[in-house]
Amino acid sequence: MTMPTKPKGLLIVVTGPSAVGKGTICRALLAETPGIRFSVSCTTRPMRPGEVNGVEYYFISKEEFERRIEAGEFLEWAEVYGNYYGTPRAYVEEVTARGEDVILDIDRVGARAVREHYPDAVSVFVIPPSMEALRQRITARGTETPEAVARRLAEAPEWIREGLTYDYVIVNDDLARAVAELRAIIVAEKARTARNGAALIERLLEKGVLTDE
Ligand code: 5GP
């Protein structure tokens, strides 16, 4: 069935404490779900081994980042652990306008800004099964200095409390289950009366049919 007017795509914000594995959940979902895009952020942090410019991030200089802030090119941006991170506005607007969903894996400051400016955004908070699991993940990554690891650990409880204000909470203890939950959230959000359902009901009552004749 083809719908007459394609509704705008969802803006899905996925966040959670550092190293909780939200990036892995997002990537797994994207790999198996057509019609969902990932918003590749810009950052000024150095590339980690194995990262590719334009895949995990667009790696740009501090000067270039500041120029883009001035030019209003970011939908949101934040300083996270001493580096800038920002979501390119044009991509997100383009994707949602053509009816595709877009996922943002961003920190809590950015997430707050997005939720403020886009009340329709769906916010998902990822938590670890235990504080110990989180500690292990932060330490095991091995890409951070000891000071950075300590800072991320110290901030974790405050970070996690922020989840109380999100639409959904997912526990990342089993990747497949976490991905299934994220997918279910997206499916349910699309069926919400206030989002798409009301327009369908109005059309059905007016035209007698939902498809284009
Ligand atoms: P990492 O350097 O480990 O890839 O990411 C550090 C943190 O920055 C993560 O919590 C990640 O979600 C966040 N982050 C990545 N991209 C963006 C962005 O565009 N905006 C904001 N506000 N945070 C981001």
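**A parallel sheet and the helices packed on it**

Strand 8 and strand 9 (residues 168–171) run parallel and are joined by 4 bridges. Keep in mind that this is a predicted model. The pair belongs to an open sheet of 5 strands, ordered 2-7-1-8-9, with parallel pairing.

- Strand 2 and strand 9 sit at the edges, each pairing on one side only.
- Going from one strand to the next, the twist averages 25°.

- On the strand 9 side, Phe125 has Val169 as its bridge partner, while Val126 stands opposite Ile170.
- Strand 1 (residues 11–15) also pairs with strand 8, again in the parallel sense, over 4 bridges.
- Here Ile12 has Val122 of strand 8 as its bridge partner.
- As a reminder for reading the side chains, those of a regular strand alternate between the two faces of the sheet.

**Helices against the sheet**

- Helix 4 (residues 108–117) lies across strand 1, strand 7 (101–105) and strand 8.
- The direction of helix 4 is at about 155° to strand 1.
- Helix 7 packs on the sheet too, touching strand 1, strand 2, strand 7, strand 8 and strand 9.
- Relative to strand 9, the direction of helix 7 makes an angle of about 160°.

**Where helix 1 meets helix 7**

- The axes of helix 1 and helix 7 (residues 175–190) come within 9 Å and cross at roughly 65°.
- That angle makes helix 1 roughly perpendicular to helix 7.
- The crossing of helix 1 past helix 7 is right-handed.
- From helix 1, the contact is made by Thr24, Ile25, Ala28, Leu29 and Glu32.
- Helix 7 contributes Leu175, Ala178, Val179, Leu182, Arg183 and Ile186.

- Thr33 lies in the loop between helix 1 (22–32) and strand 2 (36–38).
- Its relative accessibility is 16%, so Thr33 counts as buried, the cut-off being under 20%.
- The Thr33 side chain reaches back to the backbone oxygen of Leu29, at 2.6 Å.

Conventions:
Residues are numbered from 1 along each chain as its sequence is written. This is a predicted model: local features need pLDDT of at least 70, side-chain atom pairs count only at pLDDT 80 or more; totals for chains, interfaces and linings use all residues. Side-chain values use heavy atoms; hydrogens and water are left out. Two strands pair if DSSP finds at least two bridges between them. Helices (H or I, at least four residues) and strands (E, at least two) are DSSP runs, numbered from the N terminus. Buried means under 20% relative accessible area, exposed over 50%, partly exposed in between (1.4 Å probe, protein chains only). A polar contact is a pair of N or O atoms within 3.5 Å; within protein, one must be able to donate a hydrogen and the other to accept it, and residues adjacent in sequence count only if both atoms are side-chain atoms. Axes are lines fitted to C-alpha atoms, for helices over the stretch in contact, and angles run from 0 to 180 degrees between N-to-C directions. Angles under 35 degrees count as roughly parallel, over 145 as roughly antiparallel, 65 to 115 as roughly perpendicular and the rest as oblique. A crossing is left-handed if the near helix is turned anticlockwise from the far one by less than a right angle, and right-handed if clockwise. Contact means heavy atoms within 4.5 Å.
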